[in-house]
Amino acid sequence: MEKMRLISPAFRDNEKIPPRFTCDGENISPELVIEHVPRGTKSLALVMEDPDAPNGLWVHWIVWNIRPNIGKLVEHSEPRESVIGKNSWGHNQYGGPCPPSGTHRYIFRLYALDVVLDLAGTASKGQLDVAMDQHIKAEASLTGLCSESDGAS
């Protein structure tokens, strides 16, 4: 079985995220392609976070109960029947990169789970982490970069 992969036609791993996906652009989610989901996966979860934020980890987007056979997350949309949790702004939606200074890494983490999570949309990343504990079959990640000088504030 090949390793699960998360890629985007909008940018490559460890390259700049195009401005349209940032807070100073259209602030929409990029297309994400999911490959090689392991057999027996019941659902997928996705977290987008900035580990370089001034006050510690900043969560931009969390989505769970994504169908394992979805293949891709379409640009500027959230998968049907999935649950969108609260990001660090307290909103249940995608929040694009918005670095206050320097270059930040924005990590999209995909998890293949052996369960469908019983977790309300009011949940935070911490609550998602607890719910996923002991249920992760595989992980994949994609890192995009964004700098204040790229047009995002």
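Glu-26 is partly exposed, with 49% relative accessible area (buried is under 20%, exposed over 50%, partly exposed in between, using a 1.4 Å probe and protein chains only). Glu-26 forms a salt bridge with Arg-20, with 3.3 Å between the closest N and O atoms; a salt bridge is a side-chain nitrogen of Lys or Arg within 4 Å of a carboxyl oxygen of Asp or Glu. The model is predicted: local features need pLDDT of at least 70 and side-chain atom pairs count only at pLDDT 80 or more, while totals for chains, interfaces and linings use all residues. Residues are numbered from 1 along each chain as its sequence is written, and side-chain values use heavy atoms, with hydrogens and water left out.

**Sheet**

- An open sheet of 6 strands has the order S2-S9-S8-S4-S5-S7, with mixed pairing; strands (E, at least two residues) and helices (H or I, at least four) are DSSP runs numbered from the N terminus, and two strands pair if DSSP finds at least two bridges between them.
- Strands S2 (15-16) and S7 (83-84) are at the edges with a single partner strand each, so one side of each has no neighbour in the sheet.
- Strand S4 (residues 43-50) runs antiparallel to strand S5 (residues 58-66), and 6 bridges join them.
- Asp-50 has Trp-58 in S5 as its bridge partner.

**Salt bridges**

- The structure holds 8 salt bridges.
- Arg-20, the partner of Glu-26, is partly exposed at 32% relative accessibility.
- Glu-31 pairs with Lys-72 in a salt bridge, the closest N and O atoms being 3.9 Å apart.
- That pair links distant parts of the chain, 41 residues apart: Glu-31 is in the loop between S2 and strand S3 (32-35), and Lys-72 is in strand S6 (residues 72-73).
- Glu-49 and Arg-109 meet through their side chains in a salt bridge of 2.5 Å, N to O.
- Glu-49 lies in strand S4 and Arg-109 in strand S8 (residues 103-113), 60 residues apart.
- Glu-49 is buried at 5%, whereas Arg-109 is partly exposed at 27%.

**Lys-125**

- Lys-125 belongs to helix H1 (residues 125-132) and is buried, with a relative accessible area of 15%.
- Beyond neighbours within four places in sequence, Lys-125 contacts Val-47, Glu-49, Leu-57, Val-59 and Ile-62 (contact means heavy atoms within 4.5 Å).

**Gly-144**

- Gly-144 is in strand S9 (residues 136-147) and is buried at 0% relative accessibility.
- Not counting residues up to four places away in sequence, Gly-144 touches residues including Phe-11, His-104 and Tyr-106.
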